[in-house]
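Subject: Structure handover

Hi,

My notes on it follow below.

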Amino acid sequence: MEMKLVYTGKTKNVYALPNGNYLLKFKDDCTGKDGVFDPGMNEVGLTIEGVGDVNLRMSIYFFEKINAAGIRTHFVSADLKDTTMEVLPAKVFGKGLEVICRYKAVGSFYRRYSDYIEEGADLPAYVEMTFKNDAKGDPLVTKDGLMVLGVMTDEQYEDIKTMTQQITRIVADEMKARGMDLYDIKFEYGYDADGKVMLIDEIASGNMRVYKDGEYIDPMTLSGLFFA
């Protein structure tokens, strides 16, 4: 099968396929600094053997569940042997947007709003969006801001918010079934030629904050526990 490399990413390479779809090749490179894994970093800091495999494995697991629930994603199929995933074409919003759903007041949410809330307090599947921009510290953006800037429509925003809350519930229920608690999770979305929103990228342990008995679980440990 003829494939054309169109993008070299930090943790995945993207190839164009003859059928109009794309192929994501998962790598063992992880974001971090000085050899320490950090999902929030935007540079490759280390290589962990097998991380590409577990990230793809978890992505397949959740994409199949989400598709079965009738929620649109870019997932078509996957090949664990080659650590690849075939996906539908999608345009990203703006120059890249991250969508976070929060069940607990931790991390950057708590740092911003600690005058008003206790650390670890419950949140009602709170959805927020940030632009992917390292130099500007991934700035938060409101619904009105996204529309004023021409990044998305009112309808697309509402679709993303609803889908995010539905998908987060699916992930949280799977964690709960394994004795773990999802505190927050990060997603990316795109849209097709008709402007219809779909979940894109991956659903891997490095994109979520999960606790067990009140203790944070690092992503590699989480992947092991999830598939134990």
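Lys104 is partly exposed, with a relative accessible area of 22%. (Buried means under 20% relative accessible area, exposed over 50%, and partly exposed in between, with a 1.4 Å probe and protein chains only.) Lys104 forms a salt bridge with Asp122, and their closest N and O atoms are 2.7 Å apart. This pair links distant parts of the chain: Lys104 sits in strand 10 (residues 97-104), Asp122 in strand 11, 18 residues apart. Asp122 is exposed, at 59% relative accessible area.

Before going on, two notes on the source. This is a predicted model, in which local features need pLDDT of at least 70, side-chain atom pairs count only at pLDDT 80 or more, and totals for chains, interfaces and linings use all residues. Residues are numbered from 1 along each chain as its sequence is written, and side-chain values use heavy atoms, with hydrogens and water left out.

Salt bridges

A salt bridge here is a side-chain nitrogen of Lys or Arg within 4 Å of a carboxyl oxygen of Asp or Glu. The structure holds 17 salt bridges. Side chains of opposite charge can pair when their charged atoms come close.

Arg112 forms a salt bridge with Glu128, with 2.6 Å between the closest N and O atoms. That pair also links distant parts of the chain: Arg112 is in helix 2 (residues 107-113), Glu128 in strand 11, 16 residues apart. Helices (H or I, at least four residues) and strands (E, at least two) are DSSP runs, numbered from the N terminus. Arg112 is partly exposed at 33% relative accessibility. Glu128 is buried at 4%.

Lys176 forms a salt bridge with Asp181, and the closest N and O atoms are 2.5 Å apart. Lys176 is exposed, with a relative accessible area of 53%. Asp181 is partly exposed, at 28%. Elsewhere, salt bridges that share partners join Arg102, Arg112, Glu128, Asp184 and Arg209 into one network.

Charge over the chain

The protein chain has 27 positive and 37 negative side chains. Lys and Arg count as positive and Asp and Glu as negative; His and the chain ends are not counted. The centres of the two sets lie 2 Å apart. Each charge is placed at NZ of Lys, CZ of Arg, CG of Asp or CD of Glu.

Ile66 lies in helix 1 (residues 51-68). Ile66 is buried, with a relative accessible area of 0%. Leaving out residues up to four places away in sequence, Ile66 touches Ile71, Thr73, Ile167, Ile170, Leu199 and Ile203. Contact means heavy atoms within 4.5 Å. Ile66 and Gln166 are 100 residues apart along the chain, yet their C-alpha atoms are separated by 8.8 Å.

Ile203 is in the loop between strand 14 (197-200) and strand 15 (208-212). Ile203 is buried too, at 1% relative accessible area. Beyond its neighbours within four places in sequence, its contacts include Asn55, Met58, Phe62, Ile66, Val171 and Met208. Ile203 and Met175 are 28 residues apart in sequence and 13 Å apart in space, C-alpha to C-alpha.

Backbone points to check

Most residues other than glycine have a negative phi. Thr83 has a positive phi of about 55° although it is not a glycine. Thr83 lies in the loop between strand 7 (75-79) and strand 8 (84-87). Thr83 is buried, at 14% relative accessible area.

Asp138 also has a positive phi, near 45°. Asp138 lies in the loop between strand 11 (122-131) and strand 12 (140-141). Asp138 is partly exposed, at 23%.

Overall numbers

The protein chain has 5 helices and 16 strands. A compact globule of 228 residues would have a radius of gyration near 17 Å, and the protein chain agrees at 17 Å. That radius is taken over C-alpha atoms; the globule rule is 2.2 Å times the number of residues to the power 0.38. The C-alpha atoms fill a box of roughly 55 × 45 × 35 Å along the principal axes.

Of the 228 residues, 44% count as buried. Among contacts with a separation of 6 or more, 53% come from residues 24 or more positions apart. The accessible surface comes to about 11,800 Å², with 49% belonging to carbon and sulfur atoms. Accessible areas come from the Shrake-Rupley method with a 1.4 Å probe; for residues, only the protein chains shown count as cover.

Best wishes
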